[in-house]
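Have the sequence and the 3D view open side by side.

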Amino acid sequence: QLQASGGGLVQPGGSLRLSCAASRRILNFNAMGWYRQASGKGRELVARYSVGGSTNYADSVKGRFTISRDVPKNTVILQMNSLKPEDTAVYYCHADIPRAGLYWGQGTQVTVSS
């Protein structure tokens, strides 16, 4: 249902772009976005779209990360700038689909290190 791509290794201050393509029309979704899980920690919200197109960001990424969507391609994009070592985590695409439930894409590793 969800195909994530992007991620990798980047130096502090660098940028990465994550994409998540859905197999359904994303405008119909209750929510779609990205979570992350650092080693030894719980999964946390990074950024997401909610019904009506509103967006939510974790306080730790505000001003550095931007979530956007390509509706014709049913894709949500997370542009990550000014990356910090504490952004290192496995990033998961997530969608809340009406009458279908919650879906998770495969995780993609983001490592910020010099």
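**Starting from one residue**

Ile77 has a relative accessible area of 11%, so it counts as buried, the cut-off being under 20%. Keep in mind that what you're looking at is a predicted model. You'll find Ile77 in strand E8, which covers residues 75–80.

Now zoom out to the whole protein chain. Its secondary structure amounts to 11 strands and 0 helices, and reading along the sequence gives you β-β-β-β-β-β-β-β-β-β-β. Of the contacts with a separation of 6 or more, 51% link residues 24 or more positions apart.

What about overall size? The C-alpha atoms fill a box of roughly 45 × 25 × 25 Å along the principal axes. The radius of gyration is 13 Å, and because a compact globule with 114 residues would come out near 13 Å, the two agree. Of those 114 residues, 39% count as buried.

Let's finish with strand E11, residues 108–112. Which strands does E11 pair with? One partner is strand E2 (residues 8–10), which runs parallel to E11 and is joined to it by 3 bridges. Within that pairing, Leu9 has Thr111 as its bridge partner. Another partner is strand E9 (residues 89–97), and here the pairing with E11 is antiparallel, again over 3 bridges. Look for Val90 there, standing opposite Gln109 of E11.

E11 also has two faces to compare. Thr108, Val110 and Val112 make up the covered face, while Gln109 and Thr111 sit on the uncovered one. In a regular strand, side chains alternate between the two faces of the sheet. Tying this back to the pairing, Thr111, the bridge partner of Leu9, is on the uncovered face, and so is Gln109, the residue opposite Val90.

Technical notes:
Residues numbered from 1 in each chain as written. Predicted model: local features only at pLDDT ≥ 70, side-chain atom pairs only at ≥ 80, totals over all residues. Heavy atoms only, no water. Buried < 20%, exposed > 50% of the residue type's maximum accessible area, 1.4 Å probe, protein only. Helix = DSSP H or I, 4+ residues; strand = E, 2+ residues; numbered from the N terminus. Pairing = 2+ DSSP bridges. Rg over C-alpha atoms; globule rule 2.2 N^0.38 Å. Contact = heavy atoms within 4.5 Å.
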